[in-house]
Every structure is written in structure tokens, then in C-alpha cells.
Amino acid sequence: PPYPSMTTPRQDHAAAVLLGRVYVAGGWDNNGYPLASVEAFDGGAHGAWKKVASMTTARFSFVLVALEGYPLLHGGGGMLVAAGGWDSNNNYLASAEAFTLARGAKWAPIATMTTARAGCAGAALHGKAYVSGGEGSNAYNILASVEVYDPATQRWAAAPPMGTPRINHAAAALVVGGTARVYVAGGLVAGYPNITVLATSEALG
């Protein structure tokens with residue numbers, strides 16, 4: 001059977017699971033306006049989507065990464081990190097913000113990434129948020145760079161770049177042979193109109 005509908009139609013949004021709840025943030029609506037709104041779903045056919053605090057910046061084609069289980073996460077409990085994307089004026093964003101349960105379940109700006117990027121991919125590993133690739137400054141500038149947000153230091157730091165620049169790819173953390181790493185797969189390389197869709201994957205770091 002169909003599950004309950006979200007409170008707001010949206011596309012090019014981002015989603016993450018934090019402490020058993022699905023959070024959906026941003027994107028743009030039926031009229032093409034970017035959204036700052038966020039909603040959460042507790043799961044189950046009888047569950048419901050409920051609005052929670054909105055982001056400080058409307059954004060789409062960004063990353064949303066859930067960090068949980070580490071006592072240093074601004075008082076414990078967990079947080080969502082939203083980073084990058086485009087804003088309502090189609091500016092590339094380097095800005096980032098965090099939704100922190102221990103601080104009233106509200107969004108607040110955090111340190112800015114070193115590189116503005118949209119169409120990037122994000123994943124959590126060891127309590128840190130990894131953001132990779134995307135498009136920066138124009139459609140011909142596809143990025144290979146990777147940066148990592150550490151809530152303990154509240155700063156972004158550069159990580160080794162990907163072997164292949166990518167946009168609109170996927171990222172996930174996985175333990176292989178006892179070693180946890182972030183893996184990226186697919187996406188596009190090069191810029192419009194010379195677009196190549198990728199089947200390749202790689203591990204970060």
C-alpha cells in the first residue's frame with residue numbers, strides 16, 4: 001500500500017536517517033523555487049511526515065549527512081550536516097549548516113567548505129561528514145576534490161582527491177576486510193555538452 005505523502009512536493013532534495021527517523025530536506029517545488037523546509041518520517045504505514053525546523057538557506061542538489069553515536073557531537077545525540085548545492089539565485093554554495101538534536105533540534109551555520117560545489121555526494125565515516133566531487137563555479141568545472149567535516153574541531157579539512165572528477169554520483173561508507181572507507185560510484189565526468197556517464201567506482205583516501 002502507498003505510504004503517507006510528504007507535506008511538501010519536492011525534487012533534487014536530500015535525505016538521511018538519524019536515530020531512526022528519515023529526514024528529507026531542501027530541493028525545489030512545483031514552481032521551481034528552492035526550498036529550505038525539512039520534514040521527518042518515523043516509519044511504518046501508519047507513520048506520518050512532520051515538519052521540523054527549516055534550514056537557514058534554501059538549497060538543492062546538495063548533501064545531507066547524518067552523524068550519530070559520538071559523544072563529541074555538540075552534546076551528543078546526533079546531527080545532520082547539509083552542505084553545498086545551489087541557492088535560490090543559482091549560486092554555487094560552499095556554505096554548510098547543522099541540525100543538532102542536543103541544541104534544540106534547530107539548524108545553525110557551521111564552517112564553510114573550502115570549495116563551493118553542487119551535485120556533490122556525501123557519506124558519514126567515523127563520526128565525520130565526507131563531501132566529494134560535484135560541479136564548482138560552472139558546468140565545465142567538475143571536481144575531484146574531497147573535504148571532511150569534523151564536528152569535534154568544527155572545521156572542514158581537505159582529503160585526498162578522487163581519481164576521477166564526478167558530479168551526480170553516489171557515496172557510501174562500507175567495511176571491507178575490517179577497514180571502513182567511503183566508496184563513490186557512477187556520476188558524470190566532463191562538462192556540458194561533452195558528457196560521459198560513468199560506471200567506475202573508487203574508494204576515498
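Tutor: Happy to! Of the 205 residues of the chain, 45% count as buried, where buried means under 20% relative accessible area with a 1.4 Å probe, counting protein chains only. This is a predicted model, in which local features need pLDDT of at least 70 and side-chain atom pairs count only at pLDDT 80 or more, while totals for chains, interfaces and linings use all residues. Residues are numbered from 1 along each chain as its sequence is written, and side-chain values use heavy atoms, leaving out hydrogens and water.

Let's look at Glu97, which lies in strand S7, residues 96-100; strands are DSSP runs of E with at least two residues, numbered from the N terminus. Glu97 is buried, and its relative accessible area is 0%. Its side chain comes to 2.6 Å from the backbone nitrogen of Thr56, and a polar contact is a pair of N or O atoms within 3.5 Å, one able to donate a hydrogen and the other to accept it. Beyond the neighbours within four places in sequence, Glu97 has contacts (heavy atoms within 4.5 Å) that include Met55, Thr56, Thr57 and Arg59, as well as Trp107 and Ile110.

Now for the wider setting. The chain has 17 strands and zero helices, a helix being a DSSP run of H or I with at least four residues. Among chain contacts between residues at least 6 apart in sequence, 47% join residues at least 24 apart. Along the principal axes, the C-alpha atoms fill a box of roughly 45 × 45 × 35 Å.

Methods
Buried means under 20% relative accessible area, exposed over 50%, partly exposed in between (1.4 Å probe, protein chains only).
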